[in-house]
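Subject: Structure for your review

Dear colleague,

Please find below the structure that I am handing over to you, followed by an account of what was found in it.

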Amino acid sequence: MDPGFVRVSPFHQIIYECPSGSIVTTPVALRFCGFCGVKQPLRARHCEECRRCIHKFDHHCPWLDTCIGEKNHRFFYLFLLSEAALTFWTIMIASSALVFLADPIVALQTNCVMICLIVFVSFSFLMSTALAFMHTYVMVFNVTTWEFVSRRRITYLKDLHRDLNPFHQGIISNTFRFLFSGCTYNWEQTYLVNTAIAEYYDF
Ligand SMILES: [Zn+2]
Ligand SMILES: [Zn+2]
């Protein structure tokens, strides 16, 4: 599935699928990707595994062998939620199959397969639940995992106040856009408005 590959028109302009106001020039220098031969839009990053630049790059998932970007992030989030629910359900069913006996040694021998299954699935449940919480934060506050962990190294973020999120549009708007839009945006407008407001209030 297309995670949001950066595409250019025959006139070498970045193609955005969703209109998001007038396209403006960013106050920060955009990086040029030598592999794709394009100036990376804000929030895009080149993935070495996919060998393409990805809009609103989040991370490359080795388990799914694909990038998680602007177009498939919501499906990844739903995948995490369903995995957490499925593993929890499996733990409940396996727990109900445990046989309780007076002798602990015999009980352990009788239930060893189920206990191994519960331990293994519990690990998957904890992993998927932790990731689901992480990506809920990412969704609600309109950040990406890459921006969250590498803020000090990212050109368009490193000089901003650490509490300023230049892409935040309100919790409801962020969530709605994340879950229902599924197309690539030009984030320059949002970035400029939020940084200008922050500058006005000396934030
Ligand atoms: Zn690239
Ligand atoms: Zn990738």
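A nonpolar core is here a set of buried Ala, Val, Leu, Ile, Met, Phe, Trp, Tyr and Cys residues joined through C-beta atoms within 7 Å. Please note that the model is predicted.

**Nonpolar cores**

By that definition, the largest nonpolar core comprises 15 residues. V6, A44, C53, I54, F57 and C67 have the most contacts inside it. At least two residues of this core come from each of β4 (52-54), β6 (66-68) and α1 (73-96). The greatest contribution is that of α1, with four residues.

Setting aside residues up to four places away in sequence, I54 touches P3, G4, F5, V6, A44, R45, C47, C67 and G69.

**Overall fold**

The chain contains five helices and six strands. Their order along the sequence is β-β-β-β-β-β-α-α-α-α-α. For 203 residues, a compact globule would have a radius of gyration near 17 Å, whereas the chain has 22 Å. Along the principal axes, the C-alpha atoms fill a box of roughly 75 × 40 × 30 Å.

Of the 203 residues, 26% count as buried. Among contacts with a separation of 6 or more, 62% join residues 24 or more positions apart.

**Annotated regions**

An unreviewed UniProt entry annotates residues 75-102 and 108-133 as "transmembrane region". In the model, residues 75-102 are 79% helix and 0% strand, and the end C-alpha atoms of this span lie 47 Å apart. Residues 108-133 are 100% helix and 0% strand, with end C-alpha atoms 34 Å apart.

The unreviewed entry also carries the annotation "domain: Palmitoyltransferase DHHC" for residues 30-150. Over residues 30-150, the model has 55% helix and 13% strand. The end C-alpha atoms of residues 30-150 are 17 Å apart.

Helix α4 (171-180) is itself hardly covered, as the count of buried residues among its ten residues is zero. G182, which follows α4, has a positive phi near 65°.

**Individual residues**

K56 has a positive phi of about 45° although it is not a glycine, and it is found in the loop between β4 and β5 (59-61). Is K56 buried or exposed? K56 is buried, because 26 other C-beta atoms lie within 10 Å of its own and the cut-off for a buried residue is 20 or more.

D65, also a residue other than glycine, has a positive phi near 55°. D65 lies in the loop between β5 and β6. With 9 other C-beta atoms within 10 Å, D65 is exposed.

C183 is placed in the loop between α4 and α5 (188-200). C183 counts as partly exposed because it has 14 C-beta neighbours inside 10 Å, a count between the limits of 12 or fewer for an exposed residue and 20 or more for a buried one. Apart from its neighbours within four places in sequence, C183 is in contact with E17, C18 and K71. From C183 to A94, the distance is 41 Å, C-alpha to C-alpha, at a sequence separation of 89 residues.

I197 is found in helix α5. I197 has 12 C-beta neighbours inside 10 Å and therefore counts as exposed. The C-alpha atoms of I197 and P10 are separated by 36 Å, the two residues being 187 residues apart along the chain.

Yours sincerely,

A colleague

Notes:
Residues are numbered from 1 along each chain as its sequence is written. Chains are lettered from A and ligands numbered from 1 in the order in which they are written. This is a predicted model: local features need pLDDT of at least 70, side-chain atom pairs count only at pLDDT 80 or more; totals for chains, interfaces and linings use all residues. Two residues are in contact if their C-beta atoms, placed from the backbone, lie within 7 Å. UniProt positions are given in the numbering used here, feature names are shortened, and annotations may be inferred rather than shown by experiment. The radius of gyration is taken over C-alpha atoms; the globule rule is 2.2 Å times the number of residues to the power 0.38.
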